[in-house]
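Q: Please take me through the labels used for this model. I want to know what each one rests on.

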Amino acid sequence: MSVKSFAAVVAVLLAVGFRGDAQIYDTNDDVAEVFAGSGTPGYLNAQGTLAIFSNPDGVAADSFGNLYVADTGNARIRLITTNGTVSTFVGGGTGALPGYGTSVALPANFSTMICDHSNTLWVYGGYPPYGLVRITPDTYAEFLSFSVTLSGGLCVDSSNNLYYSTSTQIYRLGANGTLDVFAGSGNTGSQNGNGIYASFSSPRALAADEAGNIYVWDSGNGLIRRIDQGQNVTTIAGPGPGGNVDGVGTAASFSTINSMQADDFGNVFLACGSCVRKIDASTNVWTVAGSFSQSSYANGAGAISRFNGASDLCLSQGMIFVADSGNERIRSISFNPVAQPVTGPNLGIATYAGVTVTGFVGRTYQIQASTDMTNWNTVATLLLNSSPYLWFDTSSVAGNRFYRAFLLP
């Protein structure tokens, strides 16, 4: 290329300009950690970081704080209790649906999963005939087919009505079994309006808040839409300048949203592949954790953390749990994390100078000691490789010594 030609290219680039993705991080000191999964693909039931998944693509929480993982590579639904113990809930057998627990084989290529208010799981499978697997708390699993083709979005409102998306519409399956069109004309478009007078283009992820508003990732239009219980459709965020841009309402933009969940405070959280974002009640769009441009693995606060295929998320125990499928882990994001005292049955002190901690494998605990219950000193920092974990104090002291333990953030 001649100097003249090179100069012309530079001039064109300067004239067009460069668009950089703008990322604004939340200020709540959101810290990402590992809740379960070793990072190596495979199959193993164990606790915390000793457990092994294969492409964990979906995650949902029940009313007791248990997590359910769509372990797609193993064609199983895995259960994770609040202390991080992983077991197989449904799948891995040879029997056809309907059936119970580990005696049945689940269809391949399932992903999106939600848990309704009766603790029933609804699992969408991206396979013909594109129906749902319904799994009750007693592990009974059955396949449900519909007259329309689902496109992957699922949510449930406070009245336990189920919503799912098709290529141009949002359907509502009432708790009484009635199926009707909630919004969308059936034609491709981006028109706001009431019910069937609105239009969508490839609506995907769905979320419902406590007020019964349904949030829609209208992927073909790059918009976040909201549908109230009067079936009025409005645009609350996007399309912005394109790519990924944090900002307010229509100044923000999104390139990928795999999953959405709403909390009780008007926030909607978004699993976006390499990052987790949120929209607050005032339509401000922020990044909670991860990076727009870097897909990898790292724990830490906000901008330091990294994800590789954040495909789904759920809210439970005051935290966000993320199916980080590319990293073969279930990650947790906590807000303003502080050391949590270990109390009650999770802390045992025997007649010997030892402490038994029942906690999360792969998490760090701090043991403190005192001779007067007023002045405390750190005597050990432990990374639990088993639970319960027995620690001995090998130092000598005259008189009594008291102990306490904290789960570190």
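A: Start with the rings. Rings of Phe, Tyr and Trp (its six-membered ring) pair if their centres lie within 6.5 Å; planes under 30 degrees apart count as stacked, over 60 as edge-to-face and the rest as tilted. By this rule the count comes to 8 aromatic pairs. The model is predicted: local features need pLDDT of at least 70, side-chain atom pairs count only at pLDDT 80 or more, and totals for chains, interfaces and linings use all residues. Residues are numbered from 1 along each chain as its sequence is written, and side-chain values use heavy atoms, with hydrogens and water left out.

Q: What makes tyrosine 163 and phenylalanine 182 an edge-to-face pair?
A: Their centres are 5.1 Å apart, and the limit is 6.5 Å.

Q: Why is tyrosine 163 called buried?
A: Buried means under 20% relative accessible area (exposed is over 50%, partly exposed in between; 1.4 Å probe, protein chains only). Tyrosine 163 has 0% relative accessibility, so it counts as buried. Phenylalanine 182 is also at 0% and therefore buried.

Q: What kind of pair do tryptophan 217 and phenylalanine 254 form?
A: An edge-to-face one, with 6.0 Å centre to centre and 70° between the planes. Tryptophan 217 is buried because its relative accessible area is 4%. Phenylalanine 254, at 7%, counts as buried too.

Q: How do you know that arginine 76 lies over the face of tyrosine 43?
A: A charge sits over a ring if NZ of Lys or CZ of Arg is within 6 Å of the ring centre and within 35 degrees of the ring normal. Arginine 76 is at 4.2 Å from the ring centre. Arginine 331 lies over phenylalanine 307 at 4.6 Å.
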